[in-house]
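Please keep the sequence and structure at hand while reading.

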Amino acid sequence: MKKVLITGIDSFTGVHLSSYLEKAKYDVYGTSFFESGAKKYRCDVTCKEQILEVLQKVKPDFFIHLSGISFAAHGSHEEFYRVNTIGTTNILDAFVELEQNPSKIVLASSATVYGNQGLEVLDESLCPLPANHYGASKYAMESLSRGYFDKLSIIITRPFNYTGVGQAEQFLIPKIIKHFKEKKDVIELGNLHVEREFNDVSFTCEVYKKLLECDAKGEVVNIASNRGIKLLHVIEMMSEIAGYKIEVKINPAFVRKDEIKSLTGSSSKLFALIGEVEQKEFKQTLRKMLEI
């Protein structure tokens with residue numbers, strides 16, 4: 001069995017991805033900022049010595065870097081760069097120092113690097129224009145990681161929004177689900193007309209698996225389906241599933257000044273690299289999240 005090491009294995013994505021890869025017969029190891037356990041090592045990616053120690057123990061055939069700060073409204077601007085940018089270069093430096101070169105290193109960046117391009121579909125040829133510190137920290141990570149393309153087999157991914165069971169309630173879809181689960185009469189949201197991809201987390205897991213197994217390297221690629229859904233339509237779908245209507249109040253505090261109105265990604269390059277990946281209808285994702 002091939003060994004795959006996932007940083008942030010106890011994150012929302014890490015939990016789903018580790019289970020997905022285990023079912024696909026991978027020998028899955030992970031790191032966690034919080035705790036250690038079976039095949040799980042406590043590791044702070046801002047500390048290179050801790051990374052070196054884990055890599056020496058695991059010697060992974062594949063590596064997926066998920067750990068980082070992913071909540072755009074996180075309070076500390078400095079932390080974005082210390083964890084998302086420097087943490088990643090620490091990992092790449094550790095691989096070079098140990099002369100380890102896994103068959104594939106997949107780095108999770110973010111679609112947020114694109115910023116507000118004024119376009120309906122975003123592809124990898126666009127010049128990134130990040131509009132917040134989260135996006136800027138990820139773009140800085142991408143730029144620095146390109147310097148390792150000649151030493152390591154790297155693919156940088158830009159995932160668009162995805163969701164599923166277990167995602168933290170501070171994110172939009174879980175927040176909506178929670179209100180319907182609790183039969184709330186009112187929910188406060190931001191701009192109902194923003195359009196986002198809300199892919200199922202299983203779609204994202206399948207993409208990561210195929211990226212490990214494909215021949216591509218030295219690439220930056222969207223994890224996108226080009227399926228945009230307006231927030232207003234999410235509320236309508238949930239009302240139908242739950243069997244009642246909820247009153248929506250627009251809270252100005254939730255309307256961001258630098259709001260990106262439409263954020264859907266081109267999947268052309270992704271599917272050219274790994275073949276087309278299908279996913280379930282979004283209403284199925286919502287129903288599963290409501291029922292659990």
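## Terms and basis

Contact means heavy atoms within 4.5 Å. Helices (H or I, at least four residues) and strands (E, at least two) are DSSP runs, numbered from the N terminus.

This is a predicted model, in which local features need pLDDT of at least 70 and side-chain atom pairs count only at pLDDT 80 or more, while totals for chains, interfaces and linings use all residues. Residues are numbered from 1 along each chain as its sequence is written, and side-chain values use heavy atoms, without hydrogens and water.

## Helices α1 and α6

In α1, the residues F12, T13, H16, L17, Y20 and L21 meet V201, S202, C205, E206, Y208, K209 and L212 of α6. The two axes (lines fitted to C-alpha atoms, for helices over the stretch in contact, with angles from 0 to 180 degrees between N-to-C directions) come within 9 Å and cross at roughly 60°. Helices α1 and α6 are therefore oblique to each other; angles under 35 degrees count as roughly parallel, over 145 as roughly antiparallel, 65 to 115 as roughly perpendicular and the rest as oblique. Their crossing is right-handed, that is, the near helix is turned clockwise from the far one by less than a right angle.

Helix α6 has 13 residues (201-213), which should span 18 Å at 1.5 Å a residue, and its end C-alpha atoms are 19 Å apart, in agreement. The expected span is 1.5 Å times one less than the number of residues. Because 10 of the 13 residues are buried, α6 is largely enclosed by the rest of the structure. Buried means under 20% relative accessible area, with exposed over 50% and partly exposed in between (1.4 Å probe, protein chains only). Among the buried residues of α6 are V201, C205, E206, Y208, K209 and L212.

## The seven-stranded sheet

An open sheet of 7 strands runs in the order β3-β2-β1-β4-β5-β7-β12, with parallel pairing. Strands β3 (40-42) and β12 (219-223) are at the edges with a single partner strand each, so one side of each has no neighbour in the sheet. Two strands pair if DSSP finds at least two bridges between them.

Strands β5 (residues 104-108) and β7 (residues 154-159) are joined in the parallel sense over 4 bridges, and V106 stands opposite I155 in β7. Helix α1 (residues 12-23) packs on this sheet and touches β1 (3-7), β2 (27-32) and β4 (62-65); its direction makes about 175° with that of β1.

## Strands β9 and β14

Strand β9 pairs with β14 (residues 247-250) in the parallel sense over 4 bridges. The bridge partner of E188 in β14 is K249.
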